[in-house]
Amino acid sequence: MTPNFFLRPRTYLAGVAVSLAAALLVLLVMAVLGEYTKTRGRLLLTALSLAGFCALAFPSAALASRGRHPRLAAVGVSAAALGFVLVAAGLWATPDSDAFWKAASIASIAAASVAYSSWVLSFRPQRLASQIARYAALGVAALVLFLTTLAIIVEIRQSAFWWAVVLLIIAQVACAIAAAAPARWTTDPADRDARPSDKSQPPQPPML
């Protein structure tokens, strides 16, 4: 089954390419005219933001294209779209509202978290250790998302809290690497079964 337009990986690859091209064009215009204006700066930041959120939506769309976890993919794409809309609205409308910027921050972090989870779920580890690492990566990602969302809402500023979050992020990256590496090195059982065994090969004639 072919995914719809919003769940196709090519859509977001094209979005990244077009956005970066637009950002480069704005930079060239500013360089040629030798003048920086707020409007051009906002155009540049909007293009870069769109490229970033398209990159965050790509892992979810890639997961959906394989027919896996379509609901999570829809959540990832929706979170990325919401994050971009809020960030773009903030760049152009510049609302003087803490609640607005908190919502934009939470949506952006959620988009990054779902993108990470989609990337981890794209692995097919065969060994028990790599499977455990994958579940640990997903669990730590959910914990980081919860803690950062809580910290933004209640405005936690203690350095000890944020150092703990940083350590969890490091653990999150380590778990993802542990889940990814064995998945790449381990042979897929289907491929292993498809290979002819040595016993099935016909005997070779003796050398004269």
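Visitor: What makes residues 128-154 a helix, and how many residues does α5 have?

Guide: Helices are DSSP runs of H or I with at least four residues, strands are runs of E with at least two, and both are numbered from the N terminus. Helix α5 has 27 residues. From its first C-alpha to its last, α5 reaches 39 Å, close to the 39 Å expected at 1.5 Å a residue. The expected span is 1.5 Å times one less than the number of residues.

Visitor: Where do these numbers come from?

Guide: The model is predicted: local features need pLDDT of at least 70, side-chain atom pairs count only at pLDDT 80 or more, and totals for chains, interfaces and linings use all residues. Residues are numbered from 1 along each chain as its sequence is written, and side-chain values use heavy atoms, with hydrogens and water left out.

Visitor: Why is T148 called buried?

Guide: Buried means under 20% relative accessible area, exposed means over 50%, and partly exposed lies in between (1.4 Å probe, protein chains only). T148 has 7% relative accessibility, so T148 counts as buried. T148 lies in helix α5.

Visitor: Which residues is T148 in contact with?

Guide: Contact means heavy atoms within 4.5 Å. Leaving aside neighbours within four places in sequence, T148 is in contact with I109, W162 and V165. The side chain of T148 also reaches the backbone oxygen of V144 at 2.8 Å.

Visitor: Why is F53 called buried?

Guide: F53 is at 11% relative accessibility, so F53 counts as buried. F53 is found in helix α2. Beyond its neighbours within four places in sequence, F53 is in contact with A80, G83, F84, V87 and S108. F53 and Y12 are 41 residues apart in sequence, and their C-alpha atoms are 8.8 Å apart in space.

Visitor: What makes a set of residues a nonpolar core?

Guide: The members are buried Ala, Val, Leu, Ile, Met, Phe, Trp, Tyr and Cys residues, joined through side-chain atoms within 4.5 Å. The largest such core has 14 residues, and L7, Y12, A57, V77 and A80 touch the most other members. Helices α2 (38-65) and α3 (70-93) each supply at least two residues of this core. The largest share, six residues, comes from α3. A57 touches Y12, V77 and A80, not counting residues up to four places away in sequence. A second, separate core has nine residues, including L63, Y116, A141 and A176.

Visitor: What do the buried residues of α3 pack against?

Guide: They pack against α1 (9-33), α2 and α4. The buried residues in α3 include A73, G76, V77 and A79. Helix α3 has 24 residues. Just after α3, T94 takes a positive phi of about 45°.

Visitor: How many disulfides are there, and by what rule?

Guide: A disulfide is a pair of cysteine sulfur atoms within 2.5 Å. By this rule the count is zero.

Visitor: Are C54 and C175 buried or exposed?

Guide: C54 is at 10% relative accessibility, so C54 counts as buried. C175 has a relative accessible area of 18%, so C175 is buried.

Visitor: What makes K102 and E155 a salt bridge?

Guide: A salt bridge needs a side-chain nitrogen of Lys or Arg within 4 Å of a carboxyl oxygen of Asp or Glu. The closest N and O atoms of K102 and E155 are 3.0 Å apart, so the pair forms a salt bridge. K102 sits in helix α4 (residues 98-121) and E155 in the loop between α5 and α6 (159-185), 53 residues apart.

Visitor: How many salt bridges are there?

Guide: The count comes to two. E155 also forms a salt bridge with R157, with the closest N and O atoms 3.7 Å apart. Shared partners join K102, E155 and R157 into one network.

Visitor: Why is R157 called exposed?

Guide: R157 has a relative accessible area of 68%, so R157 is exposed. K102, at 21%, is partly exposed. E155, at 38%, is partly exposed.

Methods:
Polar contact = N/O pair within 3.5 Å; in protein donor to acceptor, adjacent residues only side chain to side chain.
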